Amino acid sequence: MKQILLVEDDHTIVYGLSEYLREAGFEIRAASTLEKAFAMDEKAFSLVLLDLGLPDGEGWAFLEKNRKEDGLPVIILTAREDEKDIIKGLDMGADDYVTKPFKAGVLLSRIRAVLRRQGNWEESKKTLRCGSILLDKNKTLVWTGERQVPLTAGEYRLLLYLMENKGRTLTRNALLQYLWDNCGDYVNDNTLTVTIKRLREKLGEESRQVIKTVRGIGYRVEDD
Ligand code: CA
């Protein structure tokens with residue numbers, strides 16, 4: 001269950017919103033002051049709803065710290081409806097800005113939209129897909145369907161580069177340059193040809209077609 005941190009000193013809002021969001025399948029923890037918000041373990045949360053006017057300071061301080069730490073998605077929830085506050089909030093990295101009084105249903109769809117964007121972004125950061133090939137950048141592992149494909153460091157780097165440029169033709173020169181820059185060893189034209197050949201063999205019948213030869217120019221990967 002996704003946990004939301006509600007930084008808010010208005011007890012009526014805390015009570016009402018907690019009930020509403022729980023019904024919608026979220027777990028809510030509230031912090032009524034900046035100090036309490038800072039004391040929370042942010043790793044436990046998926047999103048923050050942040051009031052600006054708090055008893056011990058301004059919500060901006062939380063936003064500032066959160067941004068520096070490349071932190072959580074934040075939706076500002078405030079009575080301040082000045083354009084300059086809205087712009088300031090968004091410039092400081094807030095994902096959305098909702099003014100009070102608000103409709104709980106509207107806030108819920110904003111929350112879902114922010115979480116969806118965050119999810120897509122994290123997914124695209126971690127994994128690349130092309131046809132039946134899946135490459136996990138965190139684990140530096142490659143699969144075709146259910147089968148994990150054992151690759152050497154050089155083969156992995158080459159495949160990663162091709163997949164990061166999916167749909168684009170990369171010239172032999174560009175590939176050689178990239179491999180040269182990244183491994184420091186001398187990589188010649190023949191090594192590139194051999195590495196591509198091995199990569200195709202390892203990917204197997206089903207997936208080898210993903211790496212296309214562009215005759216006289218270079219290579220390109222694309223979905224089948
Ligand atoms: Ca307040």
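Reader: Which residue in strand 2 does Gln 3 stand opposite?
Author: Gln 3 stands opposite Glu 27 in strand 2. This is a predicted model, in which local features need pLDDT of at least 70 and side-chain atom pairs count only at pLDDT 80 or more, while totals for chains, interfaces and linings use all residues. Residues are numbered from 1 along each chain as its sequence is written, and side-chain values use heavy atoms, with hydrogens and water left out.

Reader: What makes strand 1 and strand 2 a pair, and in which sense do they run?
Author: Two strands pair if DSSP finds at least two bridges between them, and strand 1 and strand 2 (residues 27-31) have five bridges, in the parallel sense. Strands here are DSSP runs (E, at least two residues) and helices are runs of H or I with at least four residues, both numbered from the N terminus. Strand 1 also pairs with strand 3 (residues 47-50), in the parallel sense and over four bridges, and there the bridge partner of Ile 4 is Leu 47.

Reader: What is the strand order of the sheet with parallel pairing, and what makes a strand an edge strand in it?
Author: The order of this open sheet of five strands is 2-1-3-6-7. Strand 2 and strand 7 (96-99) are its edge strands, since each pairs on one side only. From one strand to the next, the twist averages 20 degrees.

Reader: How do you know that strand 1 is mostly covered?
Author: Buried means under 20% relative accessible area, exposed means over 50%, and partly exposed lies in between (1.4 Å probe, protein chains only); five of the five residues of strand 1 (residues 3-7) are buried. Gln 3, Leu 5 and Val 7 point one way from the strand, whereas Ile 4 and Leu 6 point the other way, and all are buried.

Reader: What makes Asp 9, Asp 51 and Gly 53 donors of the calcium ion?
Author: Donors are N, O and S atoms within 2.8 Å of the metal, or 3.2 Å for Na, K and Ca, and the OD atoms of Asp 9 and Asp 51 and the O atom of Gly 53 coordinate the calcium ion at 2.2 to 2.4 Å. Along the chain the donors follow the spacing D-x41-D-x1-G. Water is not among the atoms, so the site may look incomplete.

Reader: Why do Asp 51 and Gly 53 fall into separate accessibility classes?
Author: Asp 51 has a relative accessible area of 5% and is therefore buried, whereas Gly 53, with 32%, is therefore partly exposed.

Reader: Why are helix 3 and helix 4 called roughly parallel?
Author: Angles under 35 degrees count as roughly parallel, over 145 as roughly antiparallel, 65 to 115 as roughly perpendicular and the rest as oblique. Helix 3 (residues 59-68) and helix 4 (residues 83-91) pack at an angle of about 25 degrees, with their axes 10 Å apart, and are therefore roughly parallel to each other. In this contact (heavy atoms within 4.5 Å), Trp 60, Leu 63 and Arg 67 of helix 3 meet Asp 85, Lys 88, Gly 89 and Asp 91 of helix 4.

Reader: Why are helix 6 and helix 8 called roughly perpendicular?
Author: The axes of helix 6 (residues 153-164) and helix 8 cross at roughly 85 degrees and come within 10 Å, and the two helices are therefore roughly perpendicular. Leu 158 and Leu 162 are among the residues of helix 6 that make the contact, and those of helix 8 include Leu 192, Ile 196 and Leu 203.

Reader: How do you know that Asp 189 is partly exposed, and where is this residue placed?
Author: Asp 189 lies in helix 8 (residues 189-208), and because its relative accessibility is 39%, Asp 189 counts as partly exposed. Leaving aside neighbours within four places in sequence, Asp 189 is in contact with Arg 172 and Leu 176. The C-alpha atoms of Asp 189 and Arg 172, 17 residues apart along the chain, are separated by 7.6 Å.

Reader: What is the strand order of the sheet with antiparallel pairing, and which are its edge strands?
Author: This open sheet of four strands has the order 8-9-10-11, and its edge strands are strand 8 (127-130) and strand 11 (147-149). Within the sheet, strand 9 (residues 133-136) and strand 10 (residues 141-144) pair in the antiparallel sense over four bridges, and the bridge partner of Ile 133 in strand 10 is Thr 144.

Conventions: Axes fitted to C-alpha atoms, helices over the stretch in contact; angles between N-to-C directions.
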